[in-house]
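Hi,

Here is the structure I promised to pass on. Have a look at it first, and then read my notes below.

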Amino acid sequence: MSLHTYLERLRYIDDLIRRKATGDLEALSRKLKLSKSYTMLLIREMRELGFPIKYSRYKGSYYYSKEGRMIKNFFQEDMPENGIPLSDKEMGKITGGRCFMHFMQNTMSQWPG
């Protein structure tokens, strides 16, 4: 599976969660056209990346315990327009923190070439 396909799936899950339209694991799996085990793996990986995903048995749906969304791209300028460099802590907030950067470093190191 390409990185693009993987990220599109994460974006779709993010969109469904924000719209409160995931349903239970079985319903989410059908929407993604994936197995339940692979869907659960994606949810677990999103949690490891810092997504505050919870499941409500009452509502039968996944939700975020905090307000937020997946960032649309991974490129962030080191020097914003105001000319003041961002600290590592500020960059961590923008890029999703240590878990996200660890994921990207591991992913990039596995690419051939």
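One definition before anything else: the expected span of a helix is 1.5 Å times one less than its number of residues. Helices (H or I, at least four residues) and strands (E, at least two) are DSSP runs, numbered from the N terminus.

Some housekeeping: this is a predicted model, so local features need pLDDT of at least 70 and side-chain atom pairs count only at pLDDT 80 or more, while totals for chains, interfaces and linings use all residues. Residues are numbered from 1 along each chain as its sequence is written, and side-chain values use heavy atoms, with hydrogens and water left out.

**Overview**

The chain has five helices and two strands, in the order α-α-α-β-β-α-α along the sequence. Of its 113 residues, 29% are buried (under 20% relative accessible area; exposed is over 50%, partly exposed in between, with a 1.4 Å probe and protein chains only).

**Helix H3**

H3 has 13 residues and should span 18 Å at 1.5 Å a residue; its end C-alpha atoms are 18 Å apart, which agrees. Thr39, Leu42, Ile43 and Met46 are its buried residues. They sit on the same side of H3, because they cover an arc of only 95° around the axis (the arc is that of the directions from the helix axis to the C-beta atoms). Ser37 and Glu48, on the other side of H3, are exposed. The cover over the buried residues of H3 includes H1, helix H2 (25–32), strand E1 (53–56) and strand E2 (61–64). Just after H3, Gly50 has a positive phi of about 105°.

**H1 against H3**

How do the two helices meet? The axes of H1 (residues 3–18) and H3 (residues 36–48) come within 11 Å and cross at roughly 80°; axes here are lines fitted to C-alpha atoms over the stretch in contact, with angles from 0 to 180 degrees between N-to-C directions. That makes H1 roughly perpendicular to H3 (65 to 115 degrees). Tyr6, Arg9, Leu10, Ile13 and Asp14 of H1 make the contact with Tyr38, Leu42, Ile43, Glu45 and Met46 of H3, where contact means heavy atoms within 4.5 Å.

**Ile17**

Ile17 lies in helix H1 and counts as buried because its relative accessibility is 2%. Leaving out residues up to four places away in sequence, Ile17 touches Thr22, Ile53, Tyr62, Tyr63 and Tyr64. Tyr64 is 47 residues from Ile17 along the chain, yet their C-alpha atoms are separated by 7.0 Å.

Cheers

Technical notes. Parallel < 35°, antiparallel > 145°, perpendicular 65-115°, else oblique.
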